[in-house]
Amino acid sequence: MAAIIGDCFIFILLCLFSLLFYYLIFRKPKNSRLVAYGCDLPPSPPSLPIIGHVHLLLSSLAHKSLQKLSSKYGPLLYLRVFNFPVVLVSSASVAYEIFKAHDLNISSRDNPSIDDSLLIGSSVFGSAPYGDYFKFMKKLLVTKLLGPQALERSRGIRADELERFHSSLLDKAVKKEIVEIGKEATKLSNNSLWRMSIGRSFSEKNGEAERVRGLVTELDGLTKKVLFATLLHRPLEKLGISLFKKEIMCVSDSFDEVLERVLVEHEQKLDDHQDRDMMDVLLAAYGDENAEHKISRNHIKAFFVELFFAGTDTSAQSIQWTMAEIINNPNILKRLREEIDSVVGKTRLIQETDLPKLPYLQAVVKEGLRLHPPLPLFVRTFQEGCKIGGFYVPEKTTLIGNAYVMMRDPSVWEDPEEFKPERFLSSSRSTQEEERREQALKYIPFGSGRRGCPGSSLGYIFVGTAVGMMVQCFDWSIKGDKVQMDEAGGLNLSMAHSLKCTPVPRNRPLLADQ
Ligand code: HEM
């Protein structure tokens, strides 16, 4: 063990010396573009020699340490990862300016690339530059999976999965077992997404489903390392170092194995399929010499990894956080229940078509996402130099937007730390499109612009129906008076103590029907 620590230490020292060497030899004089733009770089807080602000960006609750930084030094800051520029944005007004005037400029993410990896690299949709490949995949994603018509077609699948979720909770309630809400919610979003995109879910019986969910969790655990690799990849790339390659390739290979099986299964049935799912369409494009965009097998697999990573845990975390808030606020639970009982009644399960008639439930979901955005930071790259807030931002600067801070900004939100769904019921909406957009940017759990989340409607459905069903059908008892709401370290905002509670069935007539 001591030898490993010693090796690591020597390795880090070597890296630092090489970087120092690089920094001293290749450091550019003050950017000449500054003069052309006639303005200076954004303010920069004190930094450490050589490494700059790396330690702040990589702290365990990065969104919180960046929150401290912005509250002390301002909403637009210039940071350094060694000699590479990062701009940190922490206010809605600066974010608005960026998305309004520079959306195209920030529509790519300059992530590190490990050849053949399905997790990071050029085949990954979320890392793809804003170009032909991205546009081709996005069009497919909207028409086959996430757009309004596609969601309408797949409604039955989600209704089925919601019923399965309900039965599983009921079973646990009868046995008086404790439920881990996050785990159950992951099953719901994961099964629904697989069935919606490849026509089947993985079997619970032979442990296949558990294994696939485990891979998404492993991927989740890697996010911090991927952020680390992303922030450091430009200095390290020059030294030929690829961070965490072994761990990343290990998870990537396991995904590869699962997805190759599904691909082969689809290839065998391709000719018989009448109603083609997303994988069929991608396979057809893969085999078509004249396809609008030529894609590889790796592109297809990487696309599915991204989809499940982006869609499963985000929705499950939101369900968990929102339920925790509801359990901690009995008045909100009471009001929510009254609304659901009056609109849905007590003899059938809530459905997603009920959601538009349940404004308070929608407000509760939005408030959950405001206080606990599953992705508190969004990361992009400025492709070209530009002027923001009167300051110059050089080309290839990494943009980090702190959505967590923007959605708790006391100058914009009343009682920002409190769970108050009513704030989303007020009808203070402006009719002016511009003002509406600016208003919207104060609320950005799904990011914004061309690279904003394409799954927001599905996300609202997952969270709204799951939370609605749990409130409609069960009372929830917990150990102690209150659920602990501490945040866990990591790139995704998860609960430090996962929500565990016991369901107690509520609606007798509904139970009798099931
Ligand atoms: C409550 C649930 C969800 C939340 C809070 C969420 C949030 C986000 C955020 C913050 C981003 C980055 C946006 C940016 O950079 O501006 C993102 C990207 C993305 N999300 Fe979601 N998401 C959710 C559910 C989903 C679902 C259900 C899917 C689809 C199955 C999905 C697919 C994606 C994809 C593919 C991207 C990458 C988009 C791109 O690079 O252009 N998300 N999401």
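**View 1. Crossing of helices H9 and H13 in the predicted model.** The axes of helix H9 (residues 181-198) and H13 come within 8 Å and cross at roughly 145°; axes are lines fitted to C-alpha atoms, for helices over the stretch in contact, and angles run from 0 to 180 degrees between N-to-C directions. The crossing of H9 with H13 is right-handed, a crossing being right-handed if the near helix is turned clockwise from the far one by less than a right angle, and left-handed if anticlockwise. From H9, the residues Ile181, Gly182, Ala185, Thr186, Ser189, Asn190, Leu193 and Ser197 meet Leu307, Phe308, Gly311, Thr312, Asp313, Ser315, Ala316, Ile319, Gln320 and Met323 of H13. Two residues are in contact if their C-beta atoms, placed from the backbone, lie within 7 Å. This contact comprises eight nonpolar, nine polar and one charged residues, where Ala, Val, Leu, Ile, Met, Phe, Trp, Tyr, Cys and Pro count as nonpolar, Asp, Glu, Lys and Arg as charged, and the others, Gly among them, as polar. Helices (H or I, at least four residues) and strands (E, at least two) are DSSP runs, numbered from the N terminus. Residues are numbered from 1 along each chain as its sequence is written. Because this is a predicted model, local features need pLDDT of at least 70 and side-chain atom pairs count only at pLDDT 80 or more, while totals for chains, interfaces and linings use all residues.

**View 2. Packing of H13 against helix H15.** H13 and helix H15 (residues 359-371) pack at an angle of about 110°, and their axes are 9 Å apart. H13 is therefore roughly perpendicular to H15; angles of 65 to 115 degrees fall in this class, with those under 35 roughly parallel, those over 145 roughly antiparallel and the rest oblique. Ser318, Trp321, Thr322, Glu325 and Ile326 of H13 form the contact with Val364, Val365, Gly368 and Leu369 of H15. By class, these residues are five nonpolar, three polar and one charged.

**View 3. Methionine 323 in the largest nonpolar core.** This core holds 117 residues, of which Ala95, Met323, Ala466 and Val467 touch the most other members. A nonpolar core is a set of buried Ala, Val, Leu, Ile, Met, Phe, Trp, Tyr and Cys residues joined through C-beta atoms within 7 Å. Helix H13 (residues 297-328) gives the most to the core, namely 15 residues. Not counting residues up to four places away in sequence, methionine 323 touches Ile181, Val467, Met470 and Leu499.

**View 4. Serine 91 and aspartate 409.** Serine 91 is placed in the loop between strand S2 (84-89) and helix H5 (92-102), and aspartate 409 in the loop between helix H16 (403-406) and helix H17 (433-441). Serine 91 is buried, with 22 other C-beta atoms within 10 Å, whereas aspartate 409 has 18 and is partly exposed. A residue is buried if 20 or more other C-beta atoms lie within 10 Å of its own, exposed if 12 or fewer, and partly exposed in between, with C-beta atoms placed from the backbone. Leaving aside neighbours within four places in sequence, serine 91 is in contact with Pro75, Met406 and Asp409, and aspartate 409 with Ser91, Ala92 and Pro416.

View 5. Phenylalanine 82, in the loop between strand S1 (76-81) and S2, has a phi near 55°. Lysine 396 lies in the loop between strand S6 (391-393) and strand S7 (398-402), and its phi is about 65° although it is not a glycine.
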